[in-house]
Each structure stands twice: as structure tokens, then as C-alpha cells.
Amino acid sequence: MHDIRRIREDAAAFDAALVRRGLPPSAETLLALDQRRRASLTAFEQMQAARNALSKRIGQAKGRGEDAAPLLAEAAQMGEAIAREEAEAQRLGAELDAALAGLPNVLDAAVPDGASEADNVELRRWGTPREFAWQPLQHFEIGERLGLMDFEAAGRIAGSRFTVLKGALARLERALGQFMLDRQTGEGGYTEVSPPLLVREAALFGTNQLPKFAEDQFRTTDGRWLIPTAEVPLTNLVREIVVDEATLPMRVTALTPCFRSEAGAAGRDTRGMLRQHQFMKVELVSITRPEDSEAEHERMTACAEAVLQALEIPYRVVDLCSADVGFGAARTFDIEAWLPGQGAYREISSCSNCRDFQARRMDARCRAAGQKGTRFVHTLNGSGIAVGRALIAVLENHQQEDGSVAIPEVLRPYMGGLARIAAA
């Protein structure tokens, strides 16, 4: 959410920020609407003052025993005009808020300019993609040959973009989630949270999924929404409260199911588990003081990277360009795992600094000890990491020529000591 006062102070800078995202300038339209709203509020306040003065005259007239009927009639007419002006001010305010809510966050100056994801900038790589003596298989080929990944059954039960995992693969999914959660609550220093999976509309507005991305969400019959990521309930832990700055940074994590309609993904990644309506993910959320969020962004990304390093998955980190940064983010680092079955790096984690964009939508503030004033917190979120995509990466990177899959050392305690998954 944007502060209209910032736009008043530097409309040119705001328009330049929109142009970086490939959007048309909007400051002139917003400021004109703001001017109409402020004029209406001024008129409303002046009319209220006039009515107060008239009420005083009515009281004085009655005190003198004079006929106050004309003044009462005038007061009644004035009351109707005030109600109309108040409604107009509220309408204009709602229109301005809606216009501001529909505009994306201002990009960090360090974000590289670009026209598409092809212009994302690689920052670093870790690990060397494995050389195979045979043509490596994709994850769904491996899973189906093991007899432990059933897309046909999932289709009969729920339709497309669902998967049934069985036996050792179901356990591997569970093991990955538990390992990641233990890693983030241990070395990562995050506090585990078990949040609601159903949230109110205001929570999704706070983390900017609504109103712009409503079609990507699943809604229940009672007006609640299934979470697309635990970012929503975790970030909203600080909504409408003032946090003591001494308690920041606040770092929380959760392993939850996530639900996405994938409305804009028609025809993309239709085979396998890469893009699902339902999946598990370990989410990382940090709440910081404004001056600390940039360093926290680097720290969060490192926490996600540590998971892939432990799983022995080669990856690269890319700085998303201006055309690829998400709606609510000021800057985003994507971590892309190497998938030998595809012969490509694919996103497995996305870590974003939203600065005060979400905090304004949630009215989440902080206050330093001894200070009267408050300021908006900064919020960050990232995958630590997506369990389904980690499963894909493990299957493809640790596949064996005989069709079995070697279990990474760090996962074996979670698998009851199992070192290899083979066909039954």
C-alpha cells in the first residue's frame, strides 16, 4: 500500500517507479482524486462547524423564549447536506484507497532493469551439476517407475494438478518437511508456529494477495480463504498492533499445506508435481525495523540456501529484474535448483523484502523504548523451502541407473535409516 503523502511530495519519482515495472504513470490521476477527497473533507468539516454554530443559536433562541422553528428547519436541511458530503468524502476515500491498493510496491534501486525473466541477474552458484552415464529421468518418470507416484488416482479423486504419493515417497515428503523445519528452527533461529489454514479477507489484503490476485485463491462458502502460503497468517501476526522494537527482528516459520488455483498457469508444467493446487511448504517470515530489512533479506536467503546445500542439490541465486519482481516485493532473490531431468534450473525458493508495503496494509507498527511516535515495520518472506519441489530435486539429482533413488545423508534419520528407495 502506498502513502499518498509520499506521492504528493515527489510525484515524478512515483511515476518513475511505476514505469520501471512497465506500468503507465498514475500520480496525476491519484493526486486529482486526492484533491477532490480533501476538498470534500474540508467542506464536510466547515458544514459541521456551521451546524454547531447554528445549534448554539437555537439554544440561545429557546432560552429567550423565541420561536426556534425556522432555525430548526435550517438545521434539518443542513444535516441532510452534511450527510451527503460525508458520504461523498467516504466514497472518494474508498476510491483512492482502491486505486492505491491496486498498484505494486516501489522497487529497490538495486533491482536490475529488465523486460522479462530473461533479464534476471545471476548472483552466485553452488554445487556442480552431476554428470550422468545415462539420460536422467524427470521426477514423474522416476516416481511412476517406482510405483510410488500416482497421478491417475489423484485425477480420479481431485482432478488435474494433484498427486498421490505412496510408501517411501510419501515418507520422503514428510521427512523433507520435518528436516527443513528442524533446520530453520535450529540453525536458522526461527520460531515455529502452527497457524490457521483458513483466513479472513483482511489477512489476504494485508499480504497483497487481495484484491488483485483473487482468481489465484480458493474461497470457502463462509467467506474465508485457504492460504496460498503460510506467509499470510505468519505476517499477519503483527497486524493492527505496535511491536516493541527491542523484540525485533521477529523470525517465524511454519510447515503448512498451501492451496493455489494456478489460474494463470494453463498449459504450464502440466506433467508432474512442479505446479500443484495443493503442496507443502516451509515458510520463513521476518518482521524487522526499517533499517534492518536489507541485511535480513540476505540472511533469510542464506537460510534457504543452507537447506539445498545439506540436500546436495546444485542451485543458483538470481536477482529478479524489474519486470519479474512480484507485486508486493521491493526486491526478490530466487533460488533455482538444478533439475537434471529437465536440464534446467527451476525456482525452488523465493525470498522477498516487502519493506513497509504490507505493513501499511496491515497497520503493523513498531515503537522504540521511550519514544511516543511509531513507524511501520518492514516485512520479509521466503520459502525455506517448497517441499514438493525439494522432492523433485532430490529424485532427479539422486536418481540411480537401476531406477532407485539414493537418500541424502541428512534425511536418513527421518527415513528410519533408509538409504535408498527402490521399486517394490
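Hi everyone. Let me start with a definition: a cavity is a set of grid points where a 1.4 Å probe fits but cannot get out. Rolling a probe the size of a water molecule over the atoms shows where empty space is left. One thing to keep in mind throughout is that this is a predicted model.

So, how many cavities of 30 Å³ or more does the count give? The count comes to 2. Seven names to look for on your screen: L274, A337, L339, R346, E347, I348 and R389 line the second largest cavity. Which of the elements gives the largest share? That is β12, with 3 residues. Sorted by class, the lining of this second largest cavity holds 4 nonpolar residues, 3 charged ones and no polar ones.

Now for the largest cavity, whose volume is about 60 Å³. Its lining is made up of D108, E294, H297, E298, R331, F333 and N353. Helix α10 gives the most, with 3 residues. By class, we find 4 charged, 2 polar and 1 nonpolar residue around the largest cavity.

Let's stay with α10 for a moment and look at a neighbour. Helix α7 covers residues 167–185 and helix α10 covers residues 293–310; the two pack at an angle of about 130°, with their axes 10 Å apart. Are they parallel, antiparallel, perpendicular or oblique to each other? An angle over 145 degrees would count as roughly antiparallel and 65 to 115 as roughly perpendicular, and α7 and α10 are therefore oblique to each other. The crossing of α7 past α10 is right-handed. If you want to find the contact yourself, pick F179, M180, R183 and Q184 in α7, which meet C303, A304, A306, V307 and A310 in α10. The residues of this contact divide into 7 nonpolar, 1 polar and 1 charged.

Here is another helix pair to set beside that one. Helix α3 (residues 27–63) and helix α4 (residues 69–101) pack at an angle of about 160°, and their axes are 8 Å apart. That angle makes α3 roughly antiparallel to α4. This time the crossing, α3 past α4, is left-handed. The contact of α3 with α4 includes 21 nonpolar, 4 polar and 12 charged residues.

Of the 16 residues that line it, H2, R6, F14, N105 and V106 are the closest to its centre. Two helices, α1 (4–9) and α2 (11–20), each supply at least two residues of this pocket's lining. Which helix gives the most to it? The answer is α2, with 4 residues. As for the classes, the lining of the second largest pocket has 8 nonpolar, 6 charged and 2 polar residues.

To finish, one thing to take back to your own screen: go to α10, which gives 3 residues to the lining of the largest cavity and also meets α7 through residues including C303 and A310.

Key. Residues numbered from 1 in each chain as written. Predicted model: local features only at pLDDT ≥ 70, side-chain atom pairs only at ≥ 80, totals over all residues. Heavy atoms only, no water. 1 Å grid on protein atoms, 1.4 Å probe; cavity = no way out; pocket = protein on both sides within 12 Å on 5 of 7 lines; lining within 4 Å. Nonpolar A, V, L, I, M, F, W, Y, C, P; charged D, E, K, R; others polar. Axes fitted to C-alpha atoms, helices over the stretch in contact; angles between N-to-C directions. Parallel < 35°, antiparallel > 145°, perpendicular 65-115°, else oblique. Left-handed = near helix turned anticlockwise from the far one by under 90°. Contact = heavy atoms within 4.5 Å. Points joined across faces, edges and corners; volume = space filled by probe spheres on them.
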